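Hi everyone, thanks for making time today.

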Amino acid sequence: MRLPADLAQHIQSLPSPGLPSPKEPRTTWAPVDLSEILAGTYTQPTPTMLERTDGRALLYPGRIHALNAEPEAGKSWLALKAADERLLCGDTVLYIDFEDSAPSIISRLRALGASTGTIAKCFIYLRPDESLTAEAEADFERALARKPSLVVFDGLTEAYGRLGLNPEFNPDVAKWMALLPRRVQSRCPEAAVLLLDHVVKNTETRGRWAIGAQHKLAGVDVAFSVAVVEPFGRGQTGTAHIKVEKDRPGGIREFASSESFVAHVVATSSATGDMGIRLEPPSTQSEPIRPKALMQRVSVAIEMKPGLSKKALRSAVTGKSDDVDYALELLILDSYVEFKTGARGAHLHSSVKPYRETND
């Protein structure tokens with residue numbers, strides 16, 4: 001039996017069974033609209049912030065990133081480089097700092113070349129020292145209302161403490177993520193969120209995530225680790241390597257090296273404090289040959305006499321100075337050797353674990 005045309009049209013206009021009417025309140029439990037994906041018009045996110053010298057970038061709009069490293073590894077400098085890029089584009093940047101101070105952060109931004117006028121107009125700096133009271137939430141919402149394109153959380157151990165949460169406890173990590181980073185995502189869906197966190201000191205138990213619960217890795221879209229070769233400092237050149245540990249969207253691993261390195265960082269500081277930071281692509285054409293025999297000789301020399309400087313190592317180990325330096329750099333990157341700064345800025349090296357050619 002054919003239905004009357006007007007009745008058939010009315011039935012077709014009714015919402016599908018189980019789906020809420022457009023007029024009803026919707027929650028995150030409502031079915032996701034898949035029309036754009038099914039139509040083939042959806043495009044995968046592309047990283048557009050924190051650029052390398054070849055134009056490739058490391059941060060995705062709308063995604064949560066973790067940058068994990070030991071103290072004084074340049075995490076804040078890298079975040080401020082990303083901030084300076086956005087300021088140059090006229091974007092707003094929100095920097096939420098739990099462990100440093102406004103004078104320190106602003107002096108670093110100026111060292112990178114950001115002007116006073118641009119900072120005053122486009123850079124929002126928060127220094128929370130209390131829990132999220134109703135008044136604090138209102139202040140936070142006002143900052144988010146300015147629609148920053150980059151939001152940085154600096155100092156996560158302190159950030160958890162401000163909210164009375166334990167970073168070693170997975171449920172507390174999930175709660176913190178919902179209270180802060182995911183709130184940013186919901187209010188500013190185009191913003192890149194960058195979390196700066198520490199790693200455990202013990203390289204044997206460090207794993208792929210920051211200090212604390214495993215959910216710190218599970219709860220982010222992208223995670224990077226930073227390995228320092230030469231520390232950043234006034235009047236000297238510092239170098240480091242950035243390695244991608246997780247890339248849920250998949251756009252960064254496309255240009256990573258075979259060992260997952262995505263950038264070689266070179267930070268040059270003048271005697272007056274001006275800082276230039278550039279991210280160079282790692283070698284992806286062919287991996288350099290590892291000088292295993294020389295690496296073993298350098299390792300043994302440091303094991304026998306901890307505290308050797310680079311200059312002393314060049315004298316203690318047979319080989320060209322550049323080759324010895326390269327072997328030392330690889331040992332540091334692979335966590336066989338560590339260093340501390342001694343008198344007059346010399347780097348004094350000690351063994352973390354022995355390196356042997358037969359085990360590589």
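Before I point at anything, one convention: two strands pair if DSSP finds at least two bridges between them. Helices (H or I, at least four residues) and strands (E, at least two) are DSSP runs, numbered from the N terminus. This is a predicted model, where local features need pLDDT of at least 70, side-chain atom pairs count only at pLDDT 80 or more, and totals for chains, interfaces and linings use all residues. Residues are numbered from 1 along each chain as its sequence is written, and side-chain values use heavy atoms, with hydrogens and water left out.

Now the strands. S10 (residues 261–269) pairs with S11 (residues 275–280) in the antiparallel sense, over 6 bridges. Within that pairing, Val265 has Leu279 in S11 as its bridge partner. The hairpin of S10 and S11 has 5 residues between the strands, and there Gly273 takes a positive phi near 105°. S10 also pairs with S9 (residues 237–247), again antiparallel, over 7 bridges; here His241 stands opposite His264 in S10.

Why do we call S10 largely enclosed by the rest of the structure? Because 8 of its 9 residues are buried, where buried means under 20% relative accessible area, exposed over 50%, and partly exposed in between (1.4 Å probe, protein chains only). Across the chain, 44% of the 360 residues are buried.

Let's move to the surface. Val32, Leu34, Ile37, Leu38 and Tyr42 form a nonpolar patch with about 540 Å² of accessible area together. Areas come from the Shrake-Rupley method with a 1.4 Å probe, and for residues only the protein chains shown count as cover. Val32 lies in the loop between helix H1 (5–13) and helix H2 (35–38), and its relative accessible area of 63% makes it exposed.

Finally, confidence. pLDDT, the predictor's confidence in each residue from 0 to 100, averages 84 over the chain, with 85% of the residues at 70 or above. Confidence is lowest in H1, at a mean of 55, and highest in strand S5 (residues 123–126), at 98. Over residues 16–20 the pLDDT is below 50, and beyond near neighbours in sequence this stretch has 4 contacts (heavy atoms within 4.5 Å) in the model.

Terms used
Patches are made of residues with over 30% relative accessible area and no salt bridge: like charges are joined within 9 Å, nonpolar side chains (Val, Leu, Ile, Met, Phe, Trp, Tyr) within 5 Å. A salt bridge is a side-chain nitrogen of Lys or Arg within 4 Å of a carboxyl oxygen of Asp or Glu.
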